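Okay, thanks for coming, everyone. Let me put the chain up on the screen and then walk you through a few spots in it.

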Amino acid sequence: MASSSTVPLRVRSPEILLHPNCCIGDCHQNPNSARTESSQGLSLEVSFQISDPPALSHCFVRCHDLAKVTRKNSPSAEEEPFIVAASGGLALLDITFSGDEGIHPPCSDYFVYRAGGGSPSLHLLPGPYPTDYQLNMVAVLPVCDGSDDYAVVFPDVEYLMHEDRNHYTLHIYRSDTKAWSAQVACIAEEETEDARNKLVVAHDATSVVYAGTGLIGWINLWTGAVICNVLDTNPTIRFVPVPPKEFYLDYIAEINIRPFRHMTIYNGVIKFIELKYHRGPAFNVKRRDDEGWMATIWTRPISSDVWNEGLTFDTSEIVVTDPGFRHLLPEMVNEENKLKLDKLMSGGPTLSLNDDHTVYILAKMSLFDPSAFVLALNTRSLTLESCAPCRGENILGFEPDYVPFALFS
């Protein structure tokens, strides 16, 4: 794990790169800490150790009765407390408590951490929680801009009952009403039959993004994004397809697409990036003589139907401006101060939320190298502006184990 120093609540950039798995322990002298009690009255503290990107930030959970959490969609996998969703200064955490034998049984609670408006706060999400929902599509969002109130959305897609279905069921908790409700979100009437099929049958979100006031985007990097105005009285669902894919991606349909693509939505703009490797699909156990790639970035206003191909750049064009990188990997910089990314395994592009010209890239010397680096590339000046080390032993497929969040916006 990269070492990083804790900074005050308002950091230089409101964006952070956050690992969703929480650390169990105390983040000492941390102004980002907030406390509350569990549903069984156990004291709980949540804090964030914040670093400016590309260094990673981490969430800490402290409770004397804390047990390892089991994710609801994978009962056999033991995992630590984790962040289910985050956006707009909010983070939703899933935490399991071991309980007391003969007194309290083990239980799992959801908590909403709120970073904005001065001192951070932590709120227990009241139960009972919905039982039918897709964990990978759960979202948290502000009720409206500038409000301290929030909403948590648990969507039920009902994949096995799709023949005549044209809707999602949204289970929503709102802090302003302190109540749960259920809403039906219908597919917009203007959507084509092909889009409807992708929405109700094939769409399986790989990430969830806050798309603006009352809007949530469920992203699948193979097909596109499902956008829904979840807080409206009559919410509707709209499908936004990805730009036309490169032909060689047809041959890696069984491979995780995340090392090649990323898509996000911020301030009303949808952004999409795709890497095309010089030597075809990556990644090989043995490093090739050319691991370089060409990247293409598209943008599209959320209200538009047209993608704009805005920028294409190649690894051979990138110049190093961060002196720290030359110290970390001197063999990766040539005599012209150009970054030799063709000799470095890299992938997993991550678009910055609040900077149109920054892309984060995950890099390793070899596929099984336990060390990795997160590179911050400026796509306008074609420079490597900064880099930070991170643990790489669990990133065999170059799928980043971090996500960009405007948590402290």
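First, a term: when I say contact, I mean heavy atoms within 4.5 Å. With that, residues 24 or more positions apart account for 52% of the contacts in the protein chain with a separation of 6 or more.

Some housekeeping. This is a predicted model, so local features need pLDDT of at least 70 and side-chain atom pairs count only at pLDDT 80 or more, while totals for chains, interfaces and linings use all residues. Residues are numbered from 1 along each chain as its sequence is written, and side-chain values use heavy atoms, with hydrogens and water left out.

What's it built from? The protein chain has 2 helices and 29 strands; these are DSSP runs numbered from the N terminus, helices being H or I with at least four residues and strands E with at least two. Of its 409 residues, 55% count as buried. Buried is under 20% relative accessible area, exposed is over 50%, and partly exposed is in between, with a 1.4 Å probe and protein chains only.

Four strands make an open sheet, in the order β8-β9-β10-β11, with antiparallel pairing. Its edge strands, β8 (82-87) and β11 (121-124), each pair on one side only. Pairing here takes at least two DSSP bridges between two strands.

On to charges. How many salt bridges does a search of the whole structure find? It finds 7, counting a side-chain nitrogen of Lys or Arg within 4 Å of a carboxyl oxygen of Asp or Glu.

Take glutamate 45 and arginine 62, whose closest N and O atoms are 2.6 Å apart. That pair links strand β4 (residues 43-49) with strand β5 (residues 56-62), the two residues being 17 apart. Glutamate 45 is buried at 6%, whereas arginine 62 is partly exposed at 40%.

Then there's aspartate 356 with lysine 271, at 3.7 Å, N to O. These two sit 85 residues apart: aspartate 356 in the loop between β25 (345-351) and β26 (358-364), lysine 271 in strand β21 (residues 269-277). Aspartate 356 is exposed at 59%, but lysine 271 is buried at 6%.
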